[in-house]
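I want to jot down what I look up as I go.

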Amino acid sequence: MEGSDRSKQGKNQVSTVTTFPIPYALEGFKENHTSITNSSISSKEQIINQALKLHSQGNISEAKKYYQYCIDQGFSNHKILSNYGSILKDLGNLQEAKLATRKAIQLKPDYAEAYCNLGSILKDLGNLQEAKLATRKAIQLKPDFAIAHSNLGGIFIDIGNLQDAELAIRKAIQLKPDLASAHFNLGIILKDLEKLYDAELATRKAIQLKPDYTEAYTQLGNILRDLGNLDDAELSLRKAIELKPDFADAYSKLGNILRDLGNLHDAELSLRKAIALKPNFADAYFNLSLIELLKGNYQSGLDNYEYRFLTNKPIIPHCKREIKKLTNKKLQKENKTLVVTEQGLGDTLQYMRFIPYLRNKGFDISFCAQKKLHTLIKASEIDPNPLTPDQAKHFLDCDVIPLLSLPRSLGITPRNSIVSKPYIFPTNKLVKKWKDALSQEKKTIIGINWQGNPDVEKNMLRGRSLSLELFSTLSRNNNLKFVSLQKGFGSEQLKNCSFRYQFVGCQSEIDSTWDFLENAAIIANCDLIITSDTSIAHLAGGMGKKVWLLLRDIPYWTWGLEGDSSFWYPSMRLFRQKERHNWNEVMNRVSEQLNNEM
């Protein structure tokens, strides 16, 4: 899930709040004032100057006292109100910050800095269109206002308009090349555009300009992780924490990197630290759940997995209805229940096993699933009339539960799988069709699949796929014929495959077959399936077919950390990487086992 939904992108950019420059001469004032009523500061002008000075020096708590005193005394000063608003924003008092900043604008309608600050506040409140208008007003009043251009770019990132965001950010950099926040925001845009090397350069420039830029070190860690440079990513996140020890987001992201590195103990500690610092941190709870489930702690892991709907980039159920974090574990028999799919096809194939189980227990279940699986769902008697996402939107008088929340409701654990027998079945007619098509093959038929959806392999699932050519190790056994079950991305590798002549004679017909029910019939006619962690693994496993699953060193949580079997699929054997990225060693073991069995 992590990184797979881009519905809420770009939430890490910084919108710089402008502090008004001190407009008056400050000579003659003492450096530290502990009492606003001190006799050395008696005039209204002196009190305002002292407030501005304290703010500029970073003495926020004292500056806030002075600003509050000025406001309580009825001083009508646009600078005081705007700066007070910026402090309230930093403290998280966004509504009060908005009121103070609007009052500053009422006192001085051409106050560009206040409009810029108002835009930043409105953005944090989630009012992006008003934020855009306020920031554009700041630019209209002050066209060379670099920070406003940079903030406008940040707003466009939140809106999802990366093209206009990049234009605004580059304008800010043109006006003020040393504006660190603009380079930082540019890095976010380039990362979202998947220009990772350019994103790294932009973020490093922000750090060069502002060496204590905590958020930039955090972002750099994310970029380096996407580039596969986990060791440097860890260093960058640790630097962010060194600069800001209470930065929960940095601890959360460090936990993800440590998980990728296989350091699960420290990863869990880092995520728990993030939660201690920020008790409602949904992303940290969700990432913690992935470690708990991977380690076999299903009770706590499935509870925390419910946070997937509250994260910065939440899971969007396929029925496009709002799903809240479930607090009630048990399904209610007396209520009609709509189960809706989420995430990938493999997830649906794995968890749809529970639909007939619940119906046999007396639950009134309707099932919404991806349309391309409907023929398979009907043939397997999972549901006689599965709903499309559009149809499910009109089911209003019912309880709604996401498909991947069913294991929690049913108390699934590695010792309590409930449904372990085959539950996916092709039709006899299609099985015979492909039996006839493959009847000319006299050798053992191995169905293979090597590549998952690359769009979901940018973070947590990175490294699960391998190249087709690695299967050449198996091709040395002349008693084998291969069936490619690969569809879409990755299938182009067949053209230049060194063992392409060892594929079955009807491979071209198989390549043009995309229906899952037909693919199930093809799988039924194979002697063995060897696959990476994709939907094919779940399809074959759900059929009870003999399947060998190839796993990276730290796999998706479904497969756990140890052993060569899975409680999800009794007919499946797991071949795990012993060393990160080393698929050659895995394939050598598979080849050896294949030779022994064949």
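Notes follow on one histidine, the repeats and a domain interface.

**Entry 1: the histidine.** This is a predicted model, so I keep that in mind throughout. I started with histidine 149 and found it in helix α7, which covers residues 146–159. Is histidine 149 buried or exposed? At a relative accessible area of 9%, histidine 149 counts as buried, because the cut-off for buried is under 20%. I then checked what histidine 149 touches, leaving out residues up to four places away in sequence: Ile139, Pro143, Ala168, Ile169, Lys171, Ala172 and Leu175.

Entry 2: For 180–213 I got 79% helix and 0% strand, with the end C-alpha atoms 8 Å apart. For 248–281 I noted 79% helix, 0% strand and 8 Å between the end C-alpha atoms.

**Entry 3: domain 1 against domain 3.** The chain is split into domain 1 (212–313), domain 2 (337–410) and domain 3 (428–597). I get 32 Å between the C-alpha centres of domains 1 and 3. Between them they bury about 1,300 Å², with 59% of that on carbon and sulfur atoms. On the domain 1 side, Asp260, Leu294 and Tyr298 lose the most area, together 39% of what that side buries.

Entry 4: Among the helices on the domain 1 side, α15 gives the most, with 3 residues.

Technical notes: Residues numbered from 1 in each chain as written. Predicted model: local features only at pLDDT ≥ 70, side-chain atom pairs only at ≥ 80, totals over all residues. Heavy atoms only, no water. Helix = DSSP H or I, 4+ residues; strand = E, 2+ residues; numbered from the N terminus. Buried < 20%, exposed > 50% of the residue type's maximum accessible area, 1.4 Å probe, protein only. Contact = heavy atoms within 4.5 Å. Domains from an automatic or database assignment. Buried area = accessible area lost by both parts, 1.4 Å probe.
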